[in-house]
Amino acid sequence: MTTPVCTSASAAAAPARRTSSYPSFSSYMRARQPVLLRTARSLTANPCDAEDLLQTALTKTYVAWDRIEDHRALDGYVRRALLNTRTSQWRKRRVDEFACDELPEPEPVSGGEDPAERQALHDAMWRAISRLPARQRAMVVLRYYEDLSEAQTAEVLGVSVGTVKSAVSRALGKLREDPELGLVR
């Protein structure tokens, strides 16, 4: 025989209906919930957060139900509870960035290569490629930057494979002789 460890859990499992101690609050909530939910959605970007916000505001209203003297102004009270709750949530939000005295240094690049030198070589290469004739430039870009085979390059440009081979060979020769690339090497 086992005994329940948590009496509140076993009581909650029983199919007993709990009645509200404030029936007027229940009727107010059912009648005004769609309107108040629209107000909550205007305060948050996420519909699920709006439902949570409304639930919290209605809980605060339920706790203060006895102290509210004018029940005709309930909408204003709940709207103020919505706004105050949202403001509190905004103020308590977690900040992931913190100011520090030293800036973090990037991880060193493996191989001892300086990123500035690599960028300079990249820029010089593109300038040299842009100085090639249009047909050779297209073949070099398709062959080495787009990583197409010689047959695919020939098909894209509508030329023979031999034409691609000879034009790429001449283009690479011009790139090897380019004075700007000689300075970067």
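Helix α3 has the length its residue count calls for. Its 17 residues (47-63), at 1.5 Å a residue, should span 24 Å, and the end C-alpha atoms are 24 Å apart, which agrees. The model is predicted, and the mean pLDDT of the chain is 81.

**Helix α3**

- Six names make up the buried set of α3: Ala50, Leu53, Leu54, Ala57, Leu58 and Thr61.
- These residues sit on the same side of α3, because they cover an arc of only 130 degrees around the axis.
- Their packing partners are α2 (23-43) and α4 (74-92).
- Gln55 and Val63 are exposed, and they are carried on the face of α3 turned away from its buried side.
- The N-terminal end of α3 is capped by asparagine 46. A side-chain oxygen of asparagine 46 lies 3.1 Å from the backbone nitrogen of cysteine 48.

- Five salt bridges occur in the structure.
- One of them joins glutamate 180 to arginine 127, with the closest N and O atoms 2.3 Å apart.
- Glutamate 180 belongs to helix α9 and arginine 127 to helix α5 (residues 115-130), so this pair ties together parts that are 53 residues apart in sequence.
- Glutamate 180 is partly exposed, at a relative accessible area of 22%.
- Arginine 127 is also partly exposed, at 39%.

**Salt bridge between two loops**

- Arginine 131 and aspartate 178 form another salt bridge, and their closest N and O atoms are 2.8 Å apart.
- Arginine 131 lies in the loop between α5 and α6 (134-145), and aspartate 178 in the loop between α8 and α9, so the pair links parts 47 residues apart in sequence.
- The side chains of aspartate 178 and arginine 131 are also joined by a polar contact of 2.8 Å.
- Is aspartate 178 buried or exposed? Its relative accessible area is 10%; under 20% counts as buried, so aspartate 178 is buried.
- Arginine 131 is partly exposed, with 47% relative accessibility.

**Salt bridge between Arg72 and Asp70**

- Arginine 72 and aspartate 70 meet through their side chains in a salt bridge, at 3.1 Å from N to O.
- Arginine 72 counts as exposed, at 77% relative accessibility.
- Aspartate 70 is partly exposed, with a relative accessible area of 35%.

**Confidence**

- Residues with pLDDT of 70 or more make up 82% of the chain.
- Where is confidence highest in the chain? Helix α8 (residues 161-177) holds that place, at a mean of 93.
- Confidence is lowest in helix α1 (residues 7-13), where the mean is 45.
- Over residues 1-19, pLDDT stays under 50.
- For residues 1-19 the model has one contact beyond four places in sequence.

Methods: Residues numbered from 1 in each chain as written. Predicted model: local features only at pLDDT ≥ 70, side-chain atom pairs only at ≥ 80, totals over all residues. Heavy atoms only, no water. pLDDT = per-residue confidence, 0-100. Helix = DSSP H or I, 4+ residues; strand = E, 2+ residues; numbered from the N terminus. Contact = heavy atoms within 4.5 Å. Expected span 1.5 Å × (residues − 1). Buried < 20%, exposed > 50% of the residue type's maximum accessible area, 1.4 Å probe, protein only. Arc of directions from axis to C-beta. Polar contact = N/O pair within 3.5 Å; in protein donor to acceptor, adjacent residues only side chain to side chain. Salt bridge = Lys/Arg side-chain N within 4 Å of Asp/Glu carboxyl O.
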